[in-house]
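Here are my notes on the model you passed along. Have it open in the viewer while you read.

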Amino acid sequence: MDKSIADLQKGFLTQAQITSSRTVMGIDTQLIEDKTYFVVEEADEIAGCGGWSRRATLYGGDHTPGREPALLNPTHDAARVRAMYTNPAFARRGVGRLILELCERAAAAEGFTTLELMGTLSGEPLYRAYGFEPVERITDDRGGAPVPLVRMRKVI
């Protein structure tokens, strides 16, 4: 995660924004407890990770303020895609797409018909290519420097 945050956001964010983004990014252990988090490995190296959630929190790690663990209703709520990180050594090799496919299949199996995520600018091209569409752009300044984010949605 640290490598992904530090390296893959270069060219999209300033160094101050990358540092600030660590306040709103990171692992959410609730995903692990819920068994909705995936890790992709190649030759004993972590290539990427990410997951989905049936809970209301849209983004942020364990340390991020404003978390909402309430369960979503698949008949009218969108499942959340969360905590997506690719090891920079494996970027643009299909790791993110694989994780998105796993998330989509698992959420659909539980009755969800829509996925939603809060993406970084560096992640937006992947999410668009996978069929997500932007629905809102925000700036999160809880870490100091304002970090631009994009809320995206996909019907499954």
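This is a predicted model: local features need pLDDT of at least 70, side-chain atom pairs count only at pLDDT 80 or more; totals for chains, interfaces and linings use all residues.

Which residue stands opposite Leu115 in β4?

1. That would be Ala79. Residues are numbered from 1 along each chain as its sequence is written, and side-chain values use heavy atoms, leaving out hydrogens and water.

2. Strand β3 (residues 79–86) runs parallel to β4, joined by two bridges; strands pair if DSSP finds at least two bridges between them.

3. With β6 (residues 147–155), β4 runs antiparallel, and seven bridges join them. Thr120 has Leu149 in β6 as its bridge partner.

4. As for cover, seven of the seven residues of β4 (114–120) are buried, i.e. under 20% relative accessible area with a 1.4 Å probe, protein chains only. Thr114, Glu116, Met118 and Thr120 point one way, and Leu115, Leu117 and Gly119 the other.

5. Zooming out, the chain has five helices and six strands, which are DSSP runs (H or I, at least four residues; E, at least two). Its radius of gyration is 15 Å, close to the 15 Å that the globule rule gives for 156 residues, so the chain is as compact as a globular protein of that length. That radius is over C-alpha atoms, and the rule is 2.2 Å times the number of residues to the power 0.38.

Conventions: Buried means under 20% relative accessible area, exposed over 50%, partly exposed in between (1.4 Å probe, protein chains only).
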